[in-house]
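Reader: Could you go through this one with me slowly? I am new to reading structures, and I would like to ask about single residues before we turn to the ligands.

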Amino acid sequence: MKNEQMTVRENKTIAEKTYEMTLSGPLVEHLVNPGTFLHVAVPGDDLVLRRPISIAAVDQDAGTCTIVYKEEGEGTKRLSRCRAGDSVDVFGPLGKQGFPAEQPSPGDDVLIIGGGVGVPPLYYTARELAKRDVSVSVILGFQTATAVFYEQAFRELPDADVRVMTDDGSNGHAGTVIDALNERPSPPDWLFACGPRGMLRAIEAHAAHSKTNGYVSLEERMGCGIGACFACVCETGDHTSYRKICRDGPVFRFKEVVL
Amino acid sequence: MTGVDPRLHVTLPGLTMKNPVMPASGCFAFGREYAELFDLSKLGAVAIKGTTGAARLGNPTPRVAETPSGMLNAIGLQNPGAQAVRDEELPFLEGYDVPVLANVSGSTPEEYVHVVKTLTTAPNVGAFELNISCPNVKEGGIQFGTDPEAAAALTTAVKAVSTKPVYVKLSPNVTDVTAIALAVEAAGADGLTLINTLVGMRIDASTGKPVLANEKGGLSGPAVKPVALRMIHDVRQVTGLPIIGMGGIQSAEDVIEFLFAGADAVAVGTANFSNPFVCPTIIRELPAWLDQLGLESIGAFREQGANI
Ligand SMILES: Cc1cc2nc3c(=O)[nH]c(=O)nc-3n(C[C@H](O)[C@H](O)[C@H](O)COP(=O)(O)OP(=O)(O)OC[C@H]3O[C@@H](n4cnc5c(N)ncnc54)[C@H](O)[C@@H]3O)c2cc1C
Ligand SMILES: Cc1cc2nc3c(=O)[nH]c(=O)nc-3n(C[C@H](O)[C@H](O)[C@H](O)COP(=O)(O)O)c2cc1C
Ligand code: FES
């Protein structure tokens, strides 16, 4: 965990209201775990809470990392206005549990499901898997064609099988990621998912199979990002305790917490 | 230890502090997380998360919302309960050379007494801070913090069992904060801390629904600083009790403002979220402020009548 002024190398639109920002700085060396996130301070003193944003890619050789964010409100709007050369105050990496990209073996059936701005941490995960010669099946879900991003990036991964779903059928297949999941003949060995809570709930309900090691990445409004304020809790699957999404997650095993 | 400037020393009832800066209750849990970022021994003290008799799971999420220059929180006093705090959390802080201000919450006077009895034997608890802004179930929803008599009775009950000095944390959600201050002083309080959060609300304009699951929450952050300064100033006019001031502090300059207003020490809450290193940074910057003001020490604010 480091707090640093990172330099914006590039900040560009990649889909409707969706931006890709490349950052550089010594903090990059600490980014080793896909699924972890950065706590980004928004320019301007009036917004006191940082914005949690997943790490979408890391390039250690270039000393850069990439985040992809959707303009949702004032904070992400201000980030979208940053230009190359600007500084952004970043704290991270945060989260103790990311996607276990080091576990699947080559030949395992690894399924990745991303919905909307849930896609970025899965791209980082897929790249780490590719480094270990583990190929992936990918289902990406978006509302409509103008929202689609990273389809090509996933297709460029070795042996990746990529399927895009849009709610209105304007790109790829019409339907949801659950429709695509249901068409698969057998349960995967590994399933990594990130997206809206409802989507994750449906995935867990459809894919919680004894053969499948399932992991989901969760979002919650955060204060501190490190486990000190108790803002971002969720109940454990047995309803007896809680986990902090920022510290114990943001990735949890199927059934570990109540979605 | 290196880096300790003797001019920053502050001695308050139960709290011998290397400097006047502590993290505020609820914004620092029990120190474990921030201990990964910096040496907690650098702090003047640590105010721990509000502790209740039994473990509490707190409120549903979302528990925080942002507001202009501030935030609302409705955590709901999530904590592992007094016994677990005594056995599992306080020993961790014993590993650091820093006194603990134990923040105590409850629904009934009996619960406060129970928590204080449980924690008062912990060697590193220097003093208690009574969080009196929680709903008092027994009194039909009146808050201890808004009723001078209830606040005084609670202070008396806790003083009877505590072997450590007792600070009372005042709520800003009152018309006349000095009345509560005087009532708890008469009941034997050793010090005051203020302010707690201001009750507020946000509504999502697209749905018409409150943003927080609990509907209402406590406002903190820079937005409340003027209110905090005014209340500390008002309370300082009526009492000589030690005051730990808080509410929107983000910088060494803010701390100086609080010392001028009448605080003897300060707590930093929300600013830890925007800048996790804010406490050590402020501590590092304070000596330059003393130089600039021509003051010999933090204590000089009181001794030389610098408090306005
Ligand atoms: C672990 C984690 C990883 C995330 N990764 C990404 C990502 O890679 N790309 C992306 O586009 N979004 C991501 N999000 C969601 C992103 O944090 C929010 O969209 C963003 O904070 C909204 O800020 P805003 O100022 O634009 O919106 P506003 O609505 O103006 O924000 C107001 C407040 O609510 C908080 N907030 C609003 N929505 C969310 C949310 N969904 N989750 C948490 N806090 C929220 C903000 O942080 C802020 O404090 C992630 C969230 C979490 C918890
Ligand atoms: C997330 C959060 C949790 C808090 N929890 C407690 C608590 O448990 N007990 C308490 O007395 N005050 C609690 N407070 C209030 C703070 O200690 C402090 O009085 C208040 O936030 C004002 O200071 P600030 O503006 O620097 O945050 C909490 C504040 C926040 C933001
Ligand atoms: S954001 Fe503070 S505990 Fe998770």
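This is a predicted model: local features need pLDDT of at least 70, side-chain atom pairs count only at pLDDT 80 or more; totals for chains, interfaces and linings use all residues.

Reader: Which element is A:S54 in, and what does A:S54 touch?

Author: A:S54 belongs to strand β4 of chain A. If we set aside the neighbours within four places in sequence, A:S54 is in contact with A:T36, A:F37, A:T66, A:I67 and A:P121.

Reader: And A:I53, where does that one lie, and is it buried or exposed?

Author: A:I53 also lies in strand β4, which covers residues 51-54 of chain A. With a relative accessibility of 8%, A:I53 counts as buried, because that value falls under the 20% limit.

Reader: Which residues does A:I53 touch, then?

Author: Not counting residues up to four places away in sequence, A:I53 touches A:F37, A:L38, A:V40, A:I67, A:V68 and A:Y69.

Reader: What does UniProt list for "binding site" here?

Author: The UniProt entry, which is unreviewed, lists A:R51, A:P52, A:I53, A:S54, A:G75 and A:T76 under "binding site". Such annotations may be inferred rather than shown by experiment.

Reader: Let's move to ligand 1. How many residues surround it, and which are closest?

Author: Ligand 1 is surrounded by 21 residues, and the closest are A:P52, A:G75, A:T76, A:E219 and A:R221. Of these, A:P52, A:G75 and A:T76 are also in the UniProt list for "binding site".

Reader: What polar atoms sit beside ligand 1?

Author: A backbone N or O atom of A:P52 is 2.6 Å from an oxygen atom of ligand 1, and a polar backbone atom of A:V68 is 2.8 Å from a nitrogen atom of the ligand. A polar backbone atom of A:G73 lies 2.8 Å from an oxygen atom of ligand 1. On its own, ligand 1 has 830 Å² of accessible area, and the protein covers 87% of it.

Reader: Which elements give residues to that shell, and what kinds of residue are in it?

Author: The elements that give two or more residues are β4, β6 (64-70) and α1 (74-80) of chain A, and β4(A) gives the largest share, four residues. By type, the shell divides into eight nonpolar, four polar and nine charged residues.

Reader: What about ligand 2, which residues come nearest?

Author: There are 22 residues around ligand 2, and B:S25, B:K169, B:G221, B:G248 and B:T270 come nearest. A backbone N or O atom of B:G248 lies 2.6 Å from an oxygen atom of ligand 2, and a polar side-chain atom of B:T270 lies 2.7 Å from an oxygen atom of the ligand. The protein covers 97% of the 600 Å² of accessible area that ligand 2 has on its own.

Reader: Last topic: where is B:V85, and is it buried or exposed?

Author: B:V85 is found in helix α2, residues 82-94 of chain B, and B:V85 counts as buried because its relative accessibility is 0%. Apart from neighbours within four places in sequence, its contacts include B:F30, B:I48 and B:L119.

Notes. Residues are numbered from 1 along each chain as its sequence is written. Chains are lettered from A and ligands numbered from 1 in the order in which they are written. Side-chain values use heavy atoms; hydrogens and water are left out. Buried means under 20% relative accessible area, exposed over 50%, partly exposed in between (1.4 Å probe, protein chains only). Contact means heavy atoms within 4.5 Å. A residue is near a molecule or strand if one of its heavy atoms lies within 4 Å of it. A polar contact is a pair of N or O atoms within 3.5 Å; within protein, one must be able to donate a hydrogen and the other to accept it, and residues adjacent in sequence count only if both atoms are side-chain atoms. Accessible areas come from the Shrake-Rupley method with a 1.4 Å probe; for residues, only the protein chains shown count as cover. Ala, Val, Leu, Ile, Met, Phe, Trp, Tyr, Cys and Pro count as nonpolar, Asp, Glu, Lys and Arg as charged, and the others, Gly among them, as polar.
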